[in-house]
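Here is my note on the model. Please read each point with the structure open beside you.

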Amino acid sequence: MNVVYLIIFYAVICSCMIVFNIFATIYGKGSSKINSIKTKIYSKKIKEQLKKIEKGSNIDSEHLKYLKRKLKHGNELVIFDSVISRYKKHENKCIDAYLKDCKEIFISLMYHYDKKSNTEKAYYLSVIRDYNLLYDNKNKEIERILFESLQDESFYCRDNAYLAICKLGSPNKLCEALINISNSNKFFHNNLISNGLNIYNGNTEVLIKMLMSRFDKFRDDIKCSVIEYLSYYDSRYSKFVYSLLLSQDTDKNLKTSCLRYFEYTYYKDAEKLIIKYVNEYFDTDLELCLSAVKALRNYTSKESISTITKAIYSKNFKLRNIACESLAVIMLGMDARDLEDFSLEEEVSDVYNYHIRKNMKKVVK
C-alpha cells in the first residue's frame, strides 16, 4: 500500500513540474513579446524626438514626462538603454543632444533608484555613467548619494558609483573619491581604478596636479593606478617616480608600476637602476624582471641592449618573448648599424623576427 502512495506522490510531483514548465515557457514567450513591443514603442518615440532636434526644435515636454514616469521601473530602463545603445552604435548625430535634454530626468531618478534594490541601483548608475548624464553636476544631494554608494555592500553599486564620479568631470571630486576608497575597507579592483582615471573627461593637467599633491593619502593599489595614469599623460614626474623605484620601502606592485612608467617615459638617470633590476631579479622575481626588461626598450645604450639580449637566453619563455619584443622595438627605432654587434642563437631568431613583425604597426607611426 505504501508503495502505491509513493508512486501516486511521485506522479503528482512530475505533473506539477510539467505544468510549471509549460507556464514558465508561456510566460517567457509572453514577456519576450511584451519587451519587443515596448522596444518598438521607445524606438518610435525617441526617433520622433531626434527628428525634432534635427530640425532645431526642443524635445517635447510630454515626452520628458513620459520618460520620468516610465523609467522608474527597472525593466523599462533596460529597454530604454538598449534603444539608446543602438542609436549610439549607429552614430546618430542628434542622440547626444537628446540625452543632454534628458539629464534633469535622470538626476531626479537618482533619488528614486537610491531606494531600490542593489541590482536596480547598480544598473541605473551604469546608465548615467555610460551616457555621461551627470557631467558638471552641481547638485550636492546627488554627490552625497554617489559617495555613499562607494560604501555599498554590492560591489556593482560601488564600482558604478566610482565610475559615475569619474564622469562628473571634477578633479576635486575624483580625488576625494579615491581618498574615500583608500580609507574604506571595501574592495576595488586595480583595473577599475585605472579605468576610472582613463574615462575622466575633465582637465587632465589639473587632475594630475591634485593626484600628486594627495599621493601620500592613497593606499598602495591606488598609487599604482596613479603612476600608470601618469605614464600615459605626463612625463614631468620622472624624478618622483625614480625616487619611488629607488626606495627600499616602496611596495613591490608600486615598483612594477614605476617600471611601466619608464617603459613610456625616457629618464636617463633611471637606466642603470632598471638594468640593476633585471640582473638582481633575473632568477628570483619574474614579475619585476619582466617589467624591467620592458622598460629597457626605451633605452638604446649598449649596456641596455646587452642586458635585454641576456634575457633572450632565459629559461622562462615569457621573459624570452618580452626580451624579443623589446629588441624589436629598439630595432625599429634605431639605425641598423647599432645592432651589428649582437648575434642571436638560431632557436630564438624566429621568435625575434616574429616580434619585429608584430610590433611594426604599433611602434612605427
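Where is N132 found?

1. N132 sits in the loop between α6 (118-130) and α7. Helices here are DSSP runs of H or I with at least four residues, strands are runs of E with at least two, and both are numbered from the N terminus. The model is predicted, so local features need pLDDT of at least 70 and side-chain atom pairs count only at pLDDT 80 or more, while totals for chains, interfaces and linings use all residues. Residues are numbered from 1 along each chain as its sequence is written, and side-chain values use heavy atoms, with hydrogens and water left out.

2. Look at the backbone in this loop. Most residues other than glycine have a negative phi. N132 is not a glycine, yet its phi is positive, at about 55°. D136 also lies in the loop between α6 and α7, and its phi is near 60°, a positive value in a residue other than glycine.

3. D136, at 47%, counts as partly exposed. The cut-offs are under 20% relative accessible area for buried and over 50% for exposed, with partly exposed in between (1.4 Å probe, protein chains only).

4. Next, the helix pair. The axes of α7 (residues 140-149) and α8 (residues 155-166) come within 8 Å and cross at roughly 135°. That angle makes α7 oblique to α8. Axes are lines fitted to C-alpha atoms, for helices over the stretch in contact, and angles run from 0 to 180 degrees between N-to-C directions. Under 35 degrees counts as roughly parallel, over 145 as roughly antiparallel, 65 to 115 as roughly perpendicular, and the rest as oblique. The crossing of α7 and α8 is left-handed, meaning that the near helix is turned anticlockwise from the far one by less than a right angle; clockwise would be right-handed.

5. How many salt bridges does the structure hold? There are 24, each being a side-chain nitrogen of Lys or Arg within 4 Å of a carboxyl oxygen of Asp or Glu. One of them joins the side chains of E120 and K116, at 3.8 Å from N to O. E120 is partly exposed, with a relative accessible area of 26%, and K116 is partly exposed at 28%.

6. K209 and E205 form a salt bridge at 3.9 Å, N to O. They are 4 residues apart in helix α11 (residues 204-213), so about one helical turn separates them. K209 is partly exposed at 49% relative accessibility, and E205 is partly exposed at 41%.

7. In the salt bridge between D221 and R219, the closest N and O atoms are 2.9 Å apart. D221 is partly exposed, with a relative accessible area of 24%, and R219 is partly exposed at 21%. Elsewhere, salt bridges that share partners join E205, K209, D234 and R236 into one network.

8. Last, the surface. Y232, Y233 and Y264 make a nonpolar patch of about 370 Å². Patches are made of residues with over 30% relative accessible area and no salt bridge; like charges are joined within 9 Å, and nonpolar side chains (Val, Leu, Ile, Met, Phe, Trp, Tyr) within 5 Å. Areas come from the Shrake-Rupley method with a 1.4 Å probe, and for residues only the protein chains shown count as cover. Y232 belongs to helix α12 (residues 220-233) and is exposed, with a relative accessible area of 53%.
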